Amino acid sequence: MPDLSALAAQVFTGLVLGGILVLMAIGLSLIFGLMTVVNFAHGAFYMLGAYVAFSLLGVTKSFWATLVLAPLVVATLGFLVERFLIRRLYGRGPDDPLLLTFGLSLAMVEGVKLLWGKIGLTVDPPKQLAGAVDLGFMNFPVYRLFVVAVTAVVLVALWLFLEKTNVGLIIRAGSRDALMVRALGLDLNRIWLLVFGIGIGMAGLAGVLAGPMRGVYAEMGVEIIIECFVVVVVGGMGSLVGAIVAGLLMGEIVSLTTFFAPKLAEIVIFMVMAVVLLVRPSGFFGETGLAE
Amino acid sequence: MPRGAVGRVADWVAAHPIPSFVVFFALFPFLVPYKSLATQILVFGLFALGFNLLYGYTGLLSFGHAAYYGLGAYGTGLALAKLKVASLWPALGLGLATAVVGGALAGFFCLRRRGIYFAMLTLAFSQMLYFVAFHAADLTGGDDGLRGIPLHPLTLPGLSISLRNPIAFYYFAYVLVVLAVAGLKRILDSPFGAVLGAIRENSDRAVACGYDINRVKLLSFVFSALFTGLAGALDALRLTVVPVESLYYSTSAQVVIMTLLGGAGTFFGPFVGAATFLVLEDRLSIFTESWQLVIGVIFMAFVLFLPKGIWGTLTGGLHGR
C-alpha cells in the first residue's frame, strides 16, 4: 500500500500540471474556435513567456511586476504575429495557418537560443512563495498552490469577460457564425486580433508560472504543445469546458502514472487519447464537423 | 505569358517524369560536392515522396511521418543487429513490413478525425512511438540509438557487391528509389490515384459519387508509410545506426519543410525540396549555428508567398497539381 500522504501530494501535483495545461489549451481552443487557426507556435509563446520572465526578473527584481509584464510582452508579440502574418492567410485552408505557425515556432526556438544561449536557465520562486505549507495531512510547496490559485483566477476572469461583457458576446457570436456577425456591421478583424492576443498572453503566463517549477529551456514549448493537442482532441477543439476538464484530467493521469508506473508516464496520455478516439471521436465536448 | 528556358525545361521534365528522373539521378553524384550528400538527398527525397502522397495528393497533412520513417529504420536495423539476419533483402523486407503495419494501425486511429485534428493525431502517435523506443532501451538502444548494424554485401543471383563504397551504395539506393518513383507514378495514374485527387479537392463530393473514401484514405496512408519506411530502411543502412531522434518530432518537421519548399502535390517537388533543404543546411551550418532560424523564416516566406513551392512555381502549376 503506497504512502497516502505521498499519493495526496501527487494528486496536488497533478492539479498544478493540469492548471498549466488548461491555461495553454484554453487559449489554443479559443483561437481555434473563433478563427479556425491551429496555433502550432502556442508552445513557443509559452517558452518565450518563461524566457522573458527570466530577463524581466533580472531588470525589475520583482516577481509580481514580472508576473504581470511578461505575459503582456508576449501578448504584444502575438498581436504583431496575427496582424502581419496570420491575417494574410484567412480564406486559404486551415492547413496554411498551421504550417505558418509551425515555421514560426521553429524560428522562435532558434531565436531564443541565439538570444539567451543554448543552456537551460533556472528561475527561483519569489521569497514570499518559497518553502512548503502544512495542509494538515501533508506538506506542499507554496509556489505550486499559488500556481493553482492564479490559474483559477484567470479562468474566472476569462469566463466573466466572455459571458458578461459586450466584447465577450461578440466573441461568442463570432465563433458561432462569423459571416452573420460581419453582416451586422461589426469589425471582426479587431476581435480576432484581441482573441489571438489573449490566447497568446495566457500561453505566456503559463510559461512564466512554469519556469520556477520546470526550469526554462528552448524545447519546453514543443513538449507542451503536443500534450495540449492531446488535451484539445480529448476535450473537443473549440470547447472551453472541454479544455478545462480534459486538461485537469490529463494532469492527474500523468501525475498518478508517474507515481505508480513512472516508465509509462510519457506514454499514458496517448493511450487515453486512443481510447477516447475509439469511443467518442469528437472528444468529450466537441461538435463533429467543426473545421473538419 | 512567355516563360524562360528554365520554365520550358521544367515543363518538359514534368511531362516525361520517369526518364528525366532516371537520367538526372544517374548523373547526380557527379554534380554535388560530395557523394554522401547525393545519397542523403536521394533518401530524404524518397521520404518526402511518401509524405507528399498523403499531403500533396490526398490532402491529409501528417505531422507524424517520423513514425513510419523510424519504423522502417528500426525494422531493418533490428533484423540485422539483433535477429542477425545474414542478408540484405529480408532485412529490408522486415523494415517495410514494420512501417506498413505501423501505418495501417496509426492510420486507422488518425483517420477517425479529419482536417487539423488529423495533423495533431499523427503528431501524437509519432511522439508515443518515440517515447516507447526511448524507454525500450534493451531492444532499441534507447537514447544511444541502435548501434552495430552490419552492412552486408548486396547479393543478386550470381553477383555480390560490397556497399561500403559510397558510389556503390548510392546506385543501390538509386535503383530502389527509381522503383519507388515508378510505383508512385503507377499509383497516381490509376483510377485509385484519381480518387485521391477527388478526395483532396472535395471529399464530400467524392462520398456523393459513391467512393468509400475512408478505405481509399487508409490505403493512401499505408502506401505513404511504405515509401516512407523504405526511406527509413535505406537510411539505417546508410548510417549503420538508427538514432532515436529518427522517431522524434523534428524528423517529421523536416519532411514537412522539404515537401513544401519543393512543392506539395508535384511529382518532383519532394526531391527538389530535399535537395534545397539539405544543401541549405550544409552551407548555412558553416556560417551559423542558427541555421534552423534561417530555414524557419524561409519556410514561413514560402507558406505566405510561394505556396506552390519551387517546383510547383517553375512548372506553373499546370502539371500534377
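A: Happy to! Let's start with B:Thr58, which sits in the loop that links helix H3 (35-57) to helix H4 (66-81) of chain B; helices are DSSP runs of H or I of at least four residues, strands are E runs of at least two, and both are numbered from the N terminus. This is a predicted model, in which local features need pLDDT of at least 70 and side-chain atom pairs count only at pLDDT 80 or more, while totals for chains, interfaces and linings use all residues. Residues are numbered from 1 along each chain as its sequence is written, with chains lettered from A and ligands numbered from 1 in the order in which they are written.

B:Thr58 counts as buried because 27 C-beta neighbours lie inside 10 Å (the cut-offs: 20 or more other C-beta atoms within 10 Å is buried, 12 or fewer exposed, in between partly exposed, with C-beta atoms placed from the backbone). Setting aside neighbours within four places in sequence, B:Thr58 is in contact with B:Leu53, B:Leu196, B:Ile199, B:Arg200, B:Lys217 and B:Ser220; contact asks for C-beta atoms, placed from the backbone, within 7 Å.

Stepping back to chain B as a whole, 75% of its contacts between residues at least 6 apart in sequence join residues at least 24 apart. Buried residues account for 52% of the 321 residues of chain B. Its fold has 15 helices and 2 strands. The C-alpha trace of chain B spans about 55 × 45 × 45 Å along its principal axes.

Now for the partner chain. The contact between the two takes 32 residues from chain A and 32 residues from chain B. On the side of chain A that touches chain B, helix H4 (95-116), helix H9 (220-235) and helix H11 (268-279) of chain A each supply at least two residues. H4(A) gives the largest share, 13 residues. By class, this side of chain A has 22 nonpolar, 2 polar and 8 charged residues (Ala, Val, Leu, Ile, Met, Phe, Trp, Tyr, Cys and Pro are nonpolar, Asp, Glu, Lys and Arg charged, and the others, including Gly, polar).

Chain A also has a helix pair to look at: residues of H2(A), among them A:Phe45 and A:Ala53, meet residues of H8(A), including A:Leu205 and A:Gly211. The contact of H2(A) with H8(A) has 13 nonpolar, 5 polar and no charged residues.
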